[in-house]
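Student: I would like to learn how to read a few features of a structure, taking each general idea before its particular case. Could we go through them one at a time?

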Amino acid sequence: MKLFYVALLFFITACSNPQSQIQKDQQRWESIASNVEIIRDDFGVPHIYGKTDADAVFGLLYAQCEDDFNRVEQNYIWAIGRLAEVEGEEALYSDLRAKLFMTQDEAIANYEKSPEWLKKLCDAFADGINYYLFTHPEVKPKLLTHFEPWMPMYFSEGSIGGDIESISTKRIKEFYENQELKVSNYENEEKVKSNELEPAGSNGFAISGKLTESGKAMLLINPHTSFFFRGEVHVVSEEGLNAYGAVTWGQFFVYQGFNDKTGWMHTSTYTDIMDEFVETIKKTDSGYSYAYGEEDRPVKAIPQTLKYIENGALKEKEFIMYKTHHGPITMLLDSSWVSTAMMWDPIKALTQSFTRTKLKNHTEFREMMEIRTNSSNNTVYADADGTIAYYHGNFIPKRDVKFDYSKPVDGSNPETGWKGLHSVDEIIKVINPSNGWIQNCNSTPFTSAAENSPKAADYPNYMSKNQENFRGVHAIRLLEKAQNLTLDKLIEIAYDPYLPAFEVLIPSLLEAYKESSNKDISIKEAINVLQLWDYKTSKESVAMSLAHFYGQFFLRNSSFPSGLSDMEHIIYLSKNSTEIQRLDAFKEAISKLNEDFGTWNTPWGEISRYQRLNGDIDQIFNDSLPSIPVGFTTSRWGALAAFGMRSKLNTKRIYGTRGNSFVAVVEFGDKVKAKSMLAGGQSGDPTSPHFADQSQRYADAKFKDVAYYKEDVEKRAKATYHPGEKR
C-alpha cells in the first residue's frame, strides 16, 4: 500500500511539473505531425495533407505561422481583447468591446459545449500554433506564448474585423468612463468623410456554362481587403476536405475559395444585421433594471479586469460591463443607455465557416446557408453541376417595418425586438438566371442579374439598400457582352481599365472650360489631354493622373446633401457644381502635381506604386526607396481591379494598401481549373524568396496557375516536409 501512495505521489508531482507537461505536449504534437505533410510549391503556397480534418488544421496553422506568425498573433491579441497589453491604454476600449460580447469564461464554455468534431478542430488549431512556437524558439511573440483551443470562438466568421468593428470604441469609452456624460447627436459622431476614405469591398462574378467556351461554370473571387490580410493555402484531408483559397491569418477554414465541386466568394453586404436599442434604465438597491413592456428586468452586471501596458509595466483597470437581453450596453444617447444586438453564435458560425469548404453541390450549400451565421457577407457561388447563385446576406433578423432601424429604437417596446431570423427562402437571392451571369460589387442586389434581378418591392427595406456604385455599373456593361469566356478572358474582364466615374466627371469639366469667358491658357494643354482620354487607366496615362487629382480635390472641397453614396456624390458634382468650382478644383490638381512631381505631365505609374519594405503590419512608405509602378486605381472611380491607399503617412506617391489582394478565377467541371494572384507574395518575412516574388506579376496582372491535384502539386514542389522538420 505504501508503494501505491509513493507511486501516486510521483504521478501527481509529474503531472504538476510544467516540464512533464511540455514533454507530453511534444509527444502529442510529434504524433500529429507524422500524419501531416506540407508541400510548398514554386510560389511558396502551402499544400497541407492530413489523415483527418484535425490533422489538416494542425498543419494549416503551423504553415500559417511559418508564413506570418506576426499576423496570426495580432489577430488573436485583438480578437480576444488583450490589445492594450501590447499597445497601451488607448486600446482598452477595443479590448472592452471584445469582452462585452464574450468573456474568456464564456469562450471556454462555448468550446466545452461544442460538438466533438469541432472541439477536435479547435484543439488542432492550438496544437498547430503551439508546436510551431515550440520548434521555433527564435520566434518571440509580442504577447501570446501559448494558444488555447477556445480562442477561435472569438474569431469565428472570417470577415476582416467582423461585425464587431463597426461598434464605436469612442462611444464605449464615453459610456464606461462616465455614464453621466451626455452624447446628444447619434448621427454626427466625428468621422472621416466617406469621400476621402479609400473604399472597401469586393467583387464576385458567377458565370454559367452558356457564356463560357468550355460550357462549364466559372467564378471570380476578388476581395478588396487590406493587403497581406490573408494568405493563400490548400488544405486536404482523407475525410473529404480539399479546399483552396484565402485564409484569414489564424483561422482554420478557407474563407474565400473553392473545392473540386463548389466555389464561394463573399462580398460585404448592405443588409441591416445589427441594431441599437435605447434602454429605459432605473437605479435599484441591487443595481440597475430596464423596462421591457410591463416588466422591469435586471440589467446584468459583469465585473471585468483589463490590463494595459504603460512605461513598460502592466497596469489594471476595473470595469462593470452591462447587458440586457438585446445585447451589451455600448453607448449613451441623450444620457440614455443604448445596447447593441448583433449575431454572436460562435459554435454555429465556426460550423458554417468550416462545413462550407467541404460541400459538393448547391443542395448541400443551400442547406448549409440555413445555419444563418454568415452575418456580414453576401455570397456568390458556382459549382461543377453548372449552378450559379447569389445570396444577399445570411443572418437577417425579422423586424417590424414600421420602425426605423437605421437609428436606435425604443428597447422598452417589445414590438421593436427581433422576431427570429429570416429563412434562406425569404432572403434576397438569385439562382441560375437566364442571362447567364451574376455580379455583386457591394452594390444593389437589384441589378445583380440584369432583367432576372430580384425586385426591391418584394423585400423589407432593411434587407438591402437599393444603392448602385460605379463598379457595379462597370461590371454589368462588361458581363452583358460576355461570351465564350475562358479563365484568361475572365481575368481581362476583372482587370478592365475603363473608369465609368470619369465619363460623368470629366465632360462637365471640359464643358466648364469651353464655356468659360476668361479661359486660363495655363491649363489649356492639360484640358486637351483630358479631351483625348478614353477614360482608361494605365501606368503610362497622364490623363489618369490629372483626373484622379481633380476628382479627389473636387470631392474633398465640395458640400453635399446628406445621405448620398459615393456614386451619388460624383453625379451630384457633375450636375450641380458651378463652372468656377470645377475649374478651381482642376487648377488645384495641376498645382499639386507640379508641386509634388515637378510637372502635371506625369504618367500615372510615377504616382501609383506598390512598395513593401518589411513585414510590419502597419506599413511604412518612402518615396526615396524602390517601388513598382501600378496602373490600377481606387475603386471609387469604378475600377474593378482596385488599388488604393489608406495611410496616415504623408508621401507624394500613392502606395497601395488595400484593394485586389488575393484574386482567383475558377472553372468547374470534371476537373477544377484555377488561376490566382497575391499582392506581393506568400510570406511576411523579407528574407523569404516568397516575400515579393509576386509583386511584379501583381502589377502586370500576370496570374499563376493553381496546383490543385496532388500530381500537379508534386511537379511544382520546392519543399516537402512534416511540421517540425527543418525545411
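Student: Where is Arg 399 found?

Tutor: Before that, note that this is a predicted model, in which local features need pLDDT of at least 70 and side-chain atom pairs count only at pLDDT 80 or more, while totals for chains, interfaces and linings use all residues. Residues are numbered from 1 along each chain as its sequence is written, and side-chain values use heavy atoms, with hydrogens and water left out. Arg 399 is found in the loop between strand E18 (388-392) and strand E19 (409-410), strands being DSSP runs of at least two residues and helices (H or I) runs of at least four, numbered from the N terminus.

Student: Is Arg 399 buried or exposed?

Tutor: Buried means under 20% relative accessible area, exposed over 50%, and partly exposed in between, with a 1.4 Å probe and protein chains only. Arg 399 is buried, with a relative accessible area of 7%.

Student: Which residues does Arg 399 touch?

Tutor: Contact means heavy atoms within 4.5 Å. Leaving aside residues up to four places away in sequence, Arg 399 touches Asp 272, Ile 273, Met 274, Asp 275, Tyr 405, Trp 418 and Tyr 462.

Student: How should I read the packing of H14 and H15?

Tutor: Two packed helices are described by the angle between their axes and the distance between the axes. Axes are lines fitted to C-alpha atoms, for helices over the stretch in contact, and angles run from 0 to 180 degrees between N-to-C directions. Helix H14 (residues 524-531) packs against helix H15 (residues 542-556) at about 105°, their axes being 9 Å apart. The two are therefore roughly perpendicular to each other, since angles under 35 degrees count as roughly parallel, over 145 as roughly antiparallel, 65 to 115 as roughly perpendicular and the rest as oblique.

Student: Which residues of H14 and H15 meet?

Tutor: Ala 526, Val 529 and Leu 530 in H14 meet Val 542, Ala 543, Leu 546 and Ala 547 in H15.
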